[in-house]
Amino acid sequence: MYGAQSTDEEPERTAFRLAEKRYKLYKSLPPKTRKKPVLNQTDLFDVVDFHAILESVDPIDGIFRLDCPGFDRPVFCFRDRPESNANTSVEAQGSFKSVSASTLLRKLRWGTLGLQFNWSKRNYDFTLPHNKIPEKLCQLAKEMAIPAMPSGEEFQPEAAIVNYFGPSDMLGGHLDDMEADWSKPIVSISLGCKAIFLLGGTSREDVPVSMFLRSGDIVLMAGKARECFHGVPRIFTDDKHAEVSVLLSQFSGEDDCCITDYIKNSRININIRQVN
Ligand code: OGA
Ligand code: MN
């Protein structure tokens, strides 16, 4: 169940909503004001930073570093829901107007691979024709899911939702509850600009933990976390925080500027699910 992409009009004042407001790029203005959006001066001091954990000698309560055979990058695991560190569509186009590809690309918010998700009914529509998830992505997800399941169990990637984020886009707090077997993890891959990820509890009233997700990070939503509200209130597109230089360094050709411009202003999240 996905929350609204932008929930400014909602009167609810849950702990999750307050955390979203705290981190989003622009301050909320009262509805129908014509004022320009005002940047939110967010204090990021208490966002869990896995890079900082790697460099520090002091462990953080509830977060464990695991080493997985065959992977050269560290794996972090929340054994339980950690204590929070805080107190607190593609729009229809005019029919005959010609619209540039880059404008359309910016309006693209999500796509699906494999089984198709019906966003109005909020369930998977098994009758819709679809292609399989690309084999390499499927293999990667299967391998990544292993540490989140009892030994010998297999993860069957059947659907992937691909979210595209621009500078002021957010993904509202939600649960992913349309898959039959919650003992199977969701494998979530982050690419592009760094983001803040909020992991709450089973109620929106639970204060979420905030953490940075960087390009190349993979999150396994597993165990108790599979039942927890989560969302992305903010991505960073400024040079200091985006952390995309390694990605950009791979595109140096003269014709690559549209790709590098896109990378500097975007985050892509691919989350892979076993549906049945
Ligand atoms: C989702 C989701 C998280 C992210 O699409 O269900 O939770 O990191 N995405 O974008
Ligand atoms: Mn989700």
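**Sheet, enclosed helix and pocket in a predicted model**

Strand 8 (residues 186–192) and strand 13 (residues 267–273) form an antiparallel pair over 6 bridges, two strands being paired if DSSP finds at least two bridges between them. Within this pair, I189 stands opposite I270 of strand 13. Helices (H or I, at least four residues) and strands (E, at least two) are DSSP runs, numbered from the N terminus. The model is predicted, so that local features need pLDDT of at least 70 and side-chain atom pairs count only at pLDDT 80 or more, whereas totals for chains, interfaces and linings use all residues. Residues are numbered from 1 along each chain as its sequence is written, and side-chain values use heavy atoms, with hydrogens and water left out.

Helix 1 (residues 15–23) is largely enclosed by the rest of the structure, because 7 of its 9 residues are buried (under 20% relative accessible area, with a 1.4 Å probe and protein chains only). These buried residues are A15, F16, R17, A19, E20, R22 and Y23. They pack against strand 7 (171–174), strand 9 (195–199), strand 10 (209–213) and strand 12 (230–235), contact meaning heavy atoms within 4.5 Å. Strand 12 is itself mostly covered, with 6 of its 6 residues buried. Strand 12 runs antiparallel to strand 7, to which 2 bridges join it, and H230 is the bridge partner of H174. Strand 12 also pairs with strand 9 in the antiparallel sense over 4 bridges, where R234 stands opposite I196.

The lining of the largest pocket comprises 39 residues, of which V75, F76, I218, V219 and L220 lie nearest its centre. A pocket is an open set of points on a 1 Å grid over the protein atoms alone, with protein on both sides within 12 Å along at least five of seven lines, and lining residues have an atom within 4 Å of a point. Elements giving two or more residues to this lining include helix 2 (50–55), strand 2 (75–78) and helix 4 (135–145).

How values were computed:
Chains lettered and ligands numbered in written order. Buried < 20%, exposed > 50% of the residue type's maximum accessible area, 1.4 Å probe, protein only. 1 Å grid on protein atoms, 1.4 Å probe; cavity = no way out; pocket = protein on both sides within 12 Å on 5 of 7 lines; lining within 4 Å.
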